[in-house]
Amino acid sequence: MRILLAYRAHPAGSRDPFASLLPVGLLSLRGVLTEQGHDTHLANLSGFSWDKVTSCLRRENPELLGLSQFTHNRHEMVRLAVLAKSINPSCIVVFGGPHASHAVADLLMPGSPVDLVVIGEGEATIRELAAVLANKGRDGLRQVQGIAFRDGDEIVTTPPRPPIPNLDSLPRMAEQCSDAIGVDPLRQLGFIVTSRGCPAACSFCNSPRFWGNRLRFRSPRAIVDEIRFIRDRFGLIYFSLRDDTFTADRGRVLEFCRLLVEEGVHILWNCQSRANFLDEELLVRLKLAGCECVQVGVESGAPSLLRTLGKGLIPEQMVQVGDAIRRVGLQLSIYLITGIPGEGEAELRETCRLIERLRPHDGHVSPLAYYPGTLLFEQAVARDEVPETLFADSRGEACLVRNDPFVLRAKTTLLDAITAAGERHAYRPRDFQAHKKRYGLSSVTNVLAGACFEGIGEAGRAEAEYRELIRHQADNPWGWLLLGELLGSTGRFAEAEQAFDRVLGLVPRHAPAHAARGELAKLAGRKELARDWFARALAIDSREPTALKGLKQLDKKKAKPRAASPGTTTKS
């Protein structure tokens with residue numbers, strides 16, 4: 001079959017660095033379908049005009065169109081399905097994803113453009129579904145586990161499909177997006193998911209019901225191999241691990257860190273976790289393996305609101321972990337939620353006090369929203385606070401629990417509190433010395449210390465940090481990269497060139513280093529050499545900003561002198 005797997009963010013989300021990315025699940029689906037012999041393509045239509053979307057659908061002309069639906073893009077996906085049916089009425093439209101899995105009745109109403117919904121995890125289901133459709137057509141749908149479809153006046157939901165027991169058996173997702181429509185591989189592949197499920201049961205999240213109650217993990221070996229593949233193929237040396245709770249399996253995380261260190265992979269990265277799955281020993285191991293930031297779901301400083309959210313934690317646990325993160329010398333980023341039922345001025349003050357105690361470096365604040373498949377939504381429906389048809393009826397990107405003036409003011413207040421705490425409690429030079437004395441040398445300490453010294457105008461001390469990193473780990477590209485940038489900014493161009501050449505010796509496809517060499521050649525007046533370096537950078541990353549800007553500057557024609565206006569004189 002000719003299959004197109006597509007995604008389109010809500011227009012507001014098309015500018016968001018995360019929401020605008022292709023869901024990683026579509027990469028995995030493409031892998032299993034390609035293995036099965038189907039002609040399968042990927043398309044990220046976020047930011048496309050509808051005319052461009054139409055052209056894409058006509059050109060691809062899929063027999064099966066698989067669409068990934070989240071709550072924020074629920075209407076965009078339905079509109080896309082309507083468009084696909086208008087172009088080719090015989091196209092089979094299949095929805096999947098966290099919203100679709102919990103909104104089957106909405107999607108399969110009479111007259112809907114949606115033919116089928118894949119419920120929950122999709123790889124095994126889409127593999128069987130495509131085979132059945134190719135051989136038997138719709139007559140064989142009832143034998144496929146894990147789907148729902150309309151048959152006359154009836155919505156048929158087949159028995160649930162068991163979770164995939166071994167996530168390492170799935171195709172490597174990094175190999176799926178090089179030729180995808182609208183996908184920037186370097187942005188896409190910087191985000192990696194290494195597990196499915198979450199150990200928590202928060203009332204506002206539908207992850208446990210989507211993935212099942214049991215956590216499943218990719219092996220440390222598979223994760224490290226994928227990171228190495230992405231680094232070597234695409235030149236990336238910074239990653240964000242987007243598991244709901246990356247550190248839920250302590251032994252797995254320790255083994256992952258061991259492999260990164262012993263095999264000299266030398267990346268920087270961040271991860272998400274919960275306060276009850278972090279401790280000082282584990283944080284030290286994370287840092288030694290290159291983790292520079294941990295993002296922790298705090299949500300609120302009011303115990304009553306944490307109970308409302310089903311968080312299962314108390315503020316004091318978060319303070320203890322925050323203290324440990326700062327003691328170890330990692331960056332602390334926090335997630336907060338406002339607009340919670342029962343939240344008022346007193347609760348807002350409690351959260352502000354918690355922010356000051358946590359001393360985060362940065363954070364995010366989101367208004368509480370309803371999602372299908374969550375206890376929060378089901379309880380609101382049971383109390384007649386919202387209709388069951390909320391998501392179909394509401395046209396907004398999010399279905400907020402509260403939409404009163406307090407929520408907007410509270411969000412602003414919390415963001416201001418995070419910013420103020422970050423400025424007051426930013427790491428100082430003495431902190432980095434304490435980190436080294438307590439835990440030994442670490443690339444993360446050198447990187448953060450160097451950035452600190454550059455920020456306060458002490459280039460010499462910043463250079464000393466980067467050179468210490470190089471002495472400690474000569475094959476770590478970060479030391480050479482940051483040293484090259486510093487040397488270039490202070491006019492030591494020949495030394496900077498050598499540093500960037502060392503980066504490229506370690507990571508040949510690192511586009512920013514190619515672009516930096518081009519910028520140095522441009523500053524030296526070597527225009528053709530600069531063009532060559534910029535072209536190399538853009539061959540790897542067509543959006544590399546330094547290379548694009550550099551070529552534009554080189555291509556500028558010298559402005560012709562304007563003719564003097566009547567009655568004026570010009571100087572010779």
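The model is predicted, so local features need pLDDT of at least 70 and side-chain atom pairs count only at pLDDT 80 or more, while totals for chains, interfaces and linings use all residues. Residues are numbered from 1 along each chain as its sequence is written, and side-chain values use heavy atoms, with hydrogens and water left out.

**First selection: the annotated spans**

Begin by selecting residues 184-409, which UniProt, in an unreviewed entry, lists as "domain: Radical SAM core". This span is 43% helix and 17% strand, and its end C-alpha atoms are 36 Å apart. UniProt positions are given in the numbering used here, feature names are shortened, and annotations may be inferred rather than shown by experiment.

Then select residues 8-140, for which UniProt gives "domain: B12-binding" (unreviewed entry); here the chain is 44% helix and 14% strand, with end C-alpha atoms 30 Å apart.

Strands of a sheet pair through backbone hydrogen bonds, either parallel or antiparallel. In this tour two strands are paired if DSSP finds at least two bridges between them. Show β8, β11, β12, β13, β14 and β15, which in that order make up an open sheet of 6 strands with parallel pairing. The edge strands are β8 (191-192) and β15 (362-367), each of which pairs on one side only.

Starting at β8, follow its parallel pairing with β11 (residues 238-241), which is made over 2 bridges, and look for I192, which stands opposite L241 in β11. Moving along to β12 (residues 268-273), you will find 5 bridges joining this strand to β13 in the parallel sense, with W269 having C291 of β13 as its bridge partner.

How many residues of β13 are buried? Of the 9 residues in strand β13 (residues 291-299), 9 are buried, where buried means under 20% relative accessible area, exposed means over 50%, and partly exposed lies in between, using a 1.4 Å probe and protein chains only. Within this strand, select E299, whose phi is near 70°, a positive value in a residue other than glycine. E299 has a relative accessible area of 7%, and therefore counts as buried.

Next select R231 in helix α9 (residues 220-234), which counts as buried because its relative accessibility is 11%. A polar atom of the R231 side chain lies 3.0 Å from the backbone oxygen of V265. Leaving aside residues up to four places away in sequence, R231 touches L236, I237, F239, G264, V265 and V507, contact being heavy atoms within 4.5 Å.

Rolling a probe the size of a water molecule over the atoms shows where empty space is left. On a 1 Å grid over the protein atoms alone, a cavity is a set of points where a 1.4 Å probe fits but cannot get out, a pocket is an open set with protein on both sides within 12 Å along at least five of seven lines, and lining residues have an atom within 4 Å of a point. Grid points are joined across faces, edges and corners, and a volume is the space filled by probe spheres set on the points.

There are 4 cavities of 30 Å³ or more, and the largest cavity has a volume of about 80 Å³. Its lining residues include V24, L27, F191, I192, E226 and I230, and α1 (24-35), β8 and α9 each supply at least two residues of that lining.

The second largest pocket, with a volume of about 320 Å³, is lined by 23 residues, of which I119, G120, E121, R161 and F210 lie nearest its centre. Both α6 (123-135) and α8 (207-211) supply at least two residues each to the lining of this pocket.

Finish with strands β6 (residues 147-151) and β7 (residues 154-157), which pair in the antiparallel sense over 4 bridges, R150 having I155 in β7 as its bridge partner. These strands β6 and β7 form a hairpin with 2 residues between them, and G152 in the turn has a positive phi of about 65°. In the loop between α2 (50-60) and β3 (64-68), select N61, which has a phi near 45°, a positive value in a residue other than glycine, and which is partly exposed, with a relative accessible area of 41%.

Conventions: A polar contact is a pair of N or O atoms within 3.5 Å; within protein, one must be able to donate a hydrogen and the other to accept it, and residues adjacent in sequence count only if both atoms are side-chain atoms.
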